[in-house]
Amino acid sequence: LDKLEEKEQTPLQEALNQLIRQLQRKDPNAFFSFPVTDLIAPGYSSVIKRPMDFSTMRDKVKKECYQSLDELKMDFRIMCENAMIYNKQETIYHKAARKLLHSGMKILSQERLDSLKQSIE
Ligand SMILES: COc1ccc(OC)c(-c2cc(C(C)=O)n3cccnc23)c1
């Protein structure tokens, strides 16, 4: 297919996109929607070696970079931990990241992922 023709989503891609939608609802300020730039966060790229955000996750789903649901969980954890490393504890970003990580780990619990995996096989 050339670039313009949409490819059919695999069951794994559908499950991944559904999880990302559920996780993004826990980020109402959209602090995690797009990559953090050095413009809005001075020195960010020299502190954070593995940047991650929801738009990058969506791109990775589209490019079939994720081979499992657990790989999405790893990127989600990295995204939240990055914010808790770069931003000091008292900042809104650090607090938002801790809260997002907590609620996200429920959405990505082993039980939830195991039952989703059953439905994908
Ligand atoms: C104030 O509105 C926005 C809008 C988008 C943002 O990141 C995509 C952020 C943002 C997001 C972050 C994070 C996630 O560390 N951040 C850190 C320092 C300064 N700004 C941010 C803030």
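Predicted model: local features only at pLDDT ≥ 70, side-chain atom pairs only at ≥ 80, totals over all residues.
Colleague: Is Tyr93 buried, partly exposed or exposed?

Modeller: Tyr93 is partly exposed, with a relative accessible area of 37%.

Colleague: How many aromatic pairs does the structure hold?

Modeller: There are three aromatic pairs in the structure. In one of them, the ring centres of Phe31 and Tyr93 are 4.8 Å apart and the planes stand at 70°, so this pair is edge-to-face. The cut-off for that label is an angle over 60 degrees.

Colleague: Where do Phe31 and Tyr93 lie?

Modeller: Phe31 is in the loop between helix H1 (11–24) and helix H2 (44–47), while Tyr93 is in helix H5 (residues 92–107). The pair therefore ties together parts that are 62 residues apart in sequence.

Colleague: Let us turn to the core. Which residues have the most contacts inside the largest nonpolar core?

Modeller: The general idea comes before the case. In soluble globular proteins, nonpolar side chains tend to be buried together. Here the largest nonpolar core has 27 residues, and those with the most contacts inside it are Leu19, Phe54, Met57, Leu69, Phe76 and Met79.

Colleague: Which elements give two or more residues to this core?

Modeller: They are H1, helix H3 (54–62), helix H4 (69–86), H5 and helix H6 (110–120). H4 supplies the largest share, seven residues.

Colleague: What does Phe76 touch?

Modeller: Leaving out residues up to four places away in sequence, Phe76 touches Leu23, Phe54, Met57, Leu100, Leu101, Gly104, Met105 and Leu108. Two of these, Phe54 and Met57, are also among the residues with the most contacts inside the core.

Colleague: Which residues form a nonpolar patch on the surface?

Modeller: Val36, Leu39 and Ile40 form such a patch, and together they have about 350 Å² of accessible area. Ile40 sits in the loop between H1 and H2. Its relative accessibility is 65%, so Ile40 counts as exposed; the cut-off is over 50%.

Colleague: What about the backbone? Which value does phi of Ala30 lie near?

Modeller: Phi of Ala30 is near 60°, a positive value in a residue other than glycine. Ala30 is in the loop between H1 and H2 and is partly exposed, with a relative accessible area of 38%. Glu64 also has a positive phi, of about 55°, although it is not a glycine.

Colleague: Where is Glu64 found, and which side chain does it meet in a salt bridge?

Modeller: Glu64 is found in the loop between H3 and H4. Its side chain meets that of Lys7 in a salt bridge, at 3.4 Å from N to O. Lys7 lies in the segment before H1, so the pair ties together parts that are 57 residues apart in sequence. Glu64 is partly exposed at 37% relative accessible area, whereas Lys7 is exposed at 57%.

Colleague: How many salt bridges does the structure hold, and which residues are linked in a network of them?

Modeller: The structure holds four salt bridges. Asp70, Asp114 and Lys117 are linked in a network. The side chains of Asp70 and Lys117 meet at 3.0 Å, N to O. That pair links distant parts of the chain, with Asp70 in helix H4 and Lys117 in helix H6, 47 residues apart. Asp114 also forms a salt bridge with Lys117, the closest N and O atoms being 3.6 Å apart. Asp114 and Lys117 are three residues apart in helix H6, about one turn of the helix.

Colleague: Is His94 buried or exposed?

Modeller: His94 counts as buried, at 8% relative accessibility; the cut-off is under 20%. His94 lies in helix H5. Beyond its neighbours within four places in sequence, His94 is in contact with Ala83, Met84, Asn87, Lys88 and Gln89.

Colleague: And what does Arg50 touch?

Modeller: Not counting residues up to four places away in sequence, Arg50 touches Asp75, Ile78 and Asn82. Arg50 is in the loop between H2 and H3 and is exposed, with a relative accessible area of 55%. From C-alpha to C-alpha, Arg50 and Lys62 are 20 Å apart in space, and they are 12 residues apart in sequence.

Technical notes: Residues numbered from 1 in each chain as written. Heavy atoms only, no water. Phe/Tyr/Trp six-rings, centres within 6.5 Å; stacked < 30°, edge-to-face > 60°. Helix = DSSP H or I, 4+ residues; strand = E, 2+ residues; numbered from the N terminus. Buried < 20%, exposed > 50% of the residue type's maximum accessible area, 1.4 Å probe, protein only. Core = buried A, V, L, I, M, F, W, Y, C linked by side-chain atoms within 4.5 Å. Contact = heavy atoms within 4.5 Å. Patch = residues over 30% accessible without salt bridge, like charges linked within 9 Å, V, L, I, M, F, W, Y side chains within 5 Å. Areas by Shrake-Rupley, 256 points an atom, 1.4 Å probe, with all protein chains shown as cover.
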